[in-house]
Amino acid sequence: MVRPLLILIFLLSLYHTLTIGKVLPSSEGISIEETNYVKVEKYVYHDSKIDVLLVGSSRTAKLDPQYISDDAANLGMRGLSSATGLELVKNTKLKPSIVLVEINETIGRQDEDLIKSLFNPFNYYIRLYFPMFRTEYRPVSVFIQAVRNFLEKEDIISLEEIDQQRINLEFRETIVKEAIQDNDQPLSEDAKATLRRDAESIKSQIKSIEDGDVRVVLYNVPGDPRIDNTMKQRQEQEFLRTLFPPKKFEWLPEPPAREWNTSDGTHLISNDAKVFTEFIRDKI
Amino acid sequence: MLVILLIISMLLNGFTSFRVAHAPDRKGEIFWAFTGVTINLAILGLFKYGSLLTHLFVDNLTNVTPGEGAIALLLHLPLPIGISFYTFQGISLVVDVFRNRDKDNSYVGDSLVRHLVNTSFFIALFPQIIAGPIVKANTFFPQIQTKYFKYIKWDIVFRSLTIGYFLKMVVADNLKDYTYWIACPYCQGQATSTNLVLLFGYSMQIFADFAGYSIIAIGLGAALGYRFPENFNFPYISRSIAEFWRRWHISLSSWLRDYLYFPLGGNRKGQTRTYINLMIVMTLGGLWHGAAWSYAVWGMFHGFGLALERFFGLANKKAEEQVKQLPFWQQFILDFIRVMAVFWFVSLGWLLFKLPQFGEALQFMGALFKNVGKPPDLRFVAPILIFSLPVVIYHIPHFPTFEHLTNRYLDPSKNKIAKGLQNMALATMLFFIVLNSGSSNEFIYFQF
């Protein structure tokens with residue numbers, strides 16, 4: 001029992017040295033949850049000024065902030081929404097100059113456990129002083145990242161090639177058809193009530209952030225036009241504009257009308273995500 | 001209410017088993033044993049299968065309104081956690097006392113109060129109450145005595161807890177983030193190879209989750225001075241389905257064998273009756289896992305596999321002896337093919353655990369033949385293979401063809417190098433528990 005514990009202490013010390021010495025590559029996360037954690041931890045422990053911060057759902061997660069500026073960051077999280085990102089901004093001292101907030105039907109999805117876990121004093125300080133406990137340094141993820149880095153050096157592939165590899169047209173059409181059917185109805189009163197409640201919470205988060213001299217800009221990421229133009233989607237967007245009136249809240253202009261390509265009806269393919277991110281850069 | 005049910009189970013089984021042991025005549029013994037088993041099954045039936053059977057009734061009769069009175073109550077009965085496990089333990093107590101009535105029933109004793117206390121301890125002992133192993137009365141009761149700290153085997157406690165938590169927190173909890181993508185419609189867009197790896201990953205996850213829990217329970221039991229039965233014996237190196245069931249969830253399969261298959265006549269009443277018995281036992285074993293028809297179908301699937309195997313004589317001793325006569329490499333190839341065949345048969349069955357809706361399971365099966373030429377998605381494949389690796393490594397030394405070599409050269413109690421390797425392995429597992437645990441997730445078998 002003693003020997004395994006001694007070996008463990010040795011292994012942890014070695015790993016700690018390798019992480020603080022930056023010998024190991026940090027991972028971007030290998031699962032949805034892990035990717036979300038890596039993003040939020042990087043944000044919570046960042047020590048340089050962030051110029052532009054994107055907060056939102058998986059739609060925003062597809063946008064590469066590097067196309068906006070080197071000091072931009074993305075807190076778009078798969079399965080979550082702007083509410084989680086805004087809560088993080090609220091809880092950290094170093095605020096960004098501009099926060100872009102994705103506003104659509106996902107706004108209510110907040111992960112309170114994630115926030116609690118991040119700011120729990122034990123977790124917070126152990127991750128602050130021992131970076132090996134951060135998600136980005138999980139050994140398996142680091143290993144996969146190292147292999148990925150090695151392969152990418154060998155074979156640089158374009159965004160178009162990535163899209164081609166990952167998109168299954170037949171699958172996309174099935175999903176789009178289902179989504180069109182689901183959205184081919186008016187927005188229900190229940191849905192409106194939910195949006196109203198979620199919007200109130202987002203508004204109070206925005207207010208608190210704006211008090212810290214942060215510019216907040218609202219936007220929505222386009223999806224497949226066939227879904228975006230359904231009755232429910234259009235009514236939802238109109239309703240959200242009444243909840244966040246452009247007179248009181250700064251909205252990004254509508255993106256140029258074009259056939260936005262998605263992988264599943266909702267999420268932009270890499271190439272179109274780049275176009276949309278550049279559009280954001282030009283408008284802010 | 002759930003605690004009340006547990007208390008009822010303790011009182012019921014303590015009282016009826018005591019009455020069986022002290023009945024003045026045979027009629028009394030039969031009466032009390034029958035009463036105990038029947039009430040146990042009635043409680044299990046009501047809480048676990050009440051909703052399923054009521055649905056069947058309501059769905060097929062048009063003049064029944066589901067939202068009213070007793071029907072609504074039955075449809076919304078809560079499923080008490082661990083009920084399948086502690087009910088089976090209770091039945092084992094009553095039946096064991098009944099079977100041993102002519103022998104020394106020393107563990108019942110002469111004091112009803114003492115026996116009720118012991119029964120309560122037997123049923124509610126915390127490490128195993130929720131998800132087993134299902135402890136049998138005749139192996140547990142003799143262990144109830146004063147325990148001394150100096151007799152606790154700390155090396156077993158440490159080893160069991162380390163391996164158990166590693167399997168659960170590192171392997172199962174990480175794999176769940178990827179096996180999630182087995183669900184439809186995602187499965188339809190994925191390559192055949194990706195879907196196969198996802199299915200492989202789910203097999204690894206369910207093993208790591210359940211075996212992990214059982215090993216933790218064994219470790220906690222050992223810390224309290226109790227020995228729980230082994231629940232898993234490297235099931236994924238089984239060369240036949242019969243062997244798989246001797247290695248997987250041993251405490252349940254041996255319970256079903258002792259308290260259901262043997263009483264039904266086992267294999268002693270002719271071929272046809274044996275097949276029928278196998279199907280009955282496996283279907284009920286399937287339903288034990290959950291109140292859904294998919295579990296019954298899963299049980300039937302295994303029952304059918306066992307019957308087929310028996311029909312073709314694939315798992316009998318004669319066939320095993322013939323294999324042993326072959327040269328080493330031929331034995332290895334044959335064993336490998338058989339292990340793979342059983343593994344994929346079992347994995348296909350797990351699909352009904354992951355996708356309890358038949359439609360979804362069928363869609364997944366269809367998707368396996370859909371995108372054959374598409375390259376695998378490394379975002380899923382790489383992590384699944386890495387997180388599954390410990391389970392594979394855990395099984396390999398016990399592969400049938402070279403298990404004797406493992407026993408000779410890798411026994412830590414006889415070999416210093418093996419002991420050193422074991423220490424390294426335990427330290428590495430702890431390292432991964434500290435740094436690479438997945439997000440916590442309920443044990444899969446908690447739902448049963």
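Q: Which residue in E5(A) is the bridge partner of A:Val217?
A: A:Glu250 in E5(A) is paired with A:Val217. By the way, this is a predicted model, where local features need pLDDT of at least 70, side-chain atom pairs count only at pLDDT 80 or more, and totals for chains, interfaces and linings use all residues; side-chain values use heavy atoms, leaving out hydrogens and water. Residues are numbered from 1 along each chain as its sequence is written, while chains are lettered from A and ligands numbered from 1 in the order in which they are written.

Q: How do you know that E4 (residues 215–219) and E5 of chain A are paired strands?
A: Strands are DSSP runs of E with at least two residues, helices are runs of H or I with at least four, and both are numbered from the N terminus. Two strands pair if DSSP finds at least two bridges between them. E4(A) and E5(A) are joined by two bridges and run parallel, so the pair meets that rule.

Q: Why are E2 (73–76) and E5 (250–251) of chain A said to stand at the edges?
A: The open sheet has five strands in the order E2-E1-E3-E4-E5 (chain A), with parallel pairing. E2(A) and E5(A) each have a single partner strand, so one side of each is left without a neighbour in the sheet.

Q: What makes E1(A) mostly covered?
A: Buried means under 20% relative accessible area, exposed means over 50%, and partly exposed is in between (1.4 Å probe, protein chains only). Five of the five residues of E1(A) are buried. A:Val52, A:Leu54 and A:Gly56 cover one side, and A:Leu53 and A:Val55 the other. A:Val52 stands opposite A:Ile98 in E3(A), and A:Leu53 stands opposite A:Ala73 in E2(A).

Q: Why does A:Ser13 count as partly exposed?
A: Its relative accessibility is 40%, so A:Ser13 is called partly exposed. You'll find A:Ser13 in helix H1 (residues 2–20) of chain A.

Q: What makes H9(B) largely enclosed?
A: Of its 32 residues, 28 are buried, so the rest of the structure largely encloses H9(B).
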